[in-house]
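Please look over the sequence and the structure shown here before reading on.

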Amino acid sequence: MPSTPFSPEVVAAVTRHMNGDHPEDTLIICRSLGGRPGATSARMTGLDGEGGDYAVTVDGVEETIRIPWSEPLSERAQIRTEVVRMYREGCVRLGLAPRGEH
């Protein structure tokens, strides 16, 4: 059973932020770390202390995937740090330059 250190309000706020402000980053994370290189869209659907849950569209079909964090998370501030790490690692794996780095 995954750990649930985050309240439903925190989960809703993080998923709303990621889907509203960072949809391209979420897609990069799912393409690279989620093993779905052909994904055309992705959105975060949830998270807990062990990882994030995503809905991705591949070949017109939506499926759910889970991507584990690099370590268990227990504090809200750790979520941002981990998502940024995942985005940067995903860019490296896909051969993309992360925003602000050229």
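## Aromatic rings

When the whole structure, which is a predicted model, is searched for aromatic pairs, the search finds 0 of them.

## The largest pocket

The volume of the largest pocket comes to about 350 Å³. Its lining is made up of 14 residues, and those closest to the centre of the pocket are H17, M18, H22, R80 and V84. Two or more residues of this lining come from each of the elements α1 (8-21) and α3 (76-94), and it is α3 that gives the most, with 7 residues.

Sorted by class, the residues that line the largest pocket are 7 nonpolar, 2 polar and 5 charged.

## A residue of helix α1

Helix α1, which was named above as one of the elements lining the largest pocket, also holds T15. Is T15 buried or exposed? The relative accessibility of T15 is 11%, and because buried means under 20% relative accessible area, T15 counts as buried.

Which residues is T15 in contact with, once its neighbours within four places in sequence are left aside? With those neighbours set apart, the contacts of T15 are with M44, T45 and G46.

Conventions. Residues numbered from 1 in each chain as written. Predicted model: local features only at pLDDT ≥ 70, side-chain atom pairs only at ≥ 80, totals over all residues. Heavy atoms only, no water. Phe/Tyr/Trp six-rings, centres within 6.5 Å; stacked < 30°, edge-to-face > 60°. 1 Å grid on protein atoms, 1.4 Å probe; cavity = no way out; pocket = protein on both sides within 12 Å on 5 of 7 lines; lining within 4 Å. Points joined across faces, edges and corners; volume = space filled by probe spheres on them. Helix = DSSP H or I, 4+ residues; strand = E, 2+ residues; numbered from the N terminus. Nonpolar A, V, L, I, M, F, W, Y, C, P; charged D, E, K, R; others polar. Buried < 20%, exposed > 50% of the residue type's maximum accessible area, 1.4 Å probe, protein only. Contact = heavy atoms within 4.5 Å.
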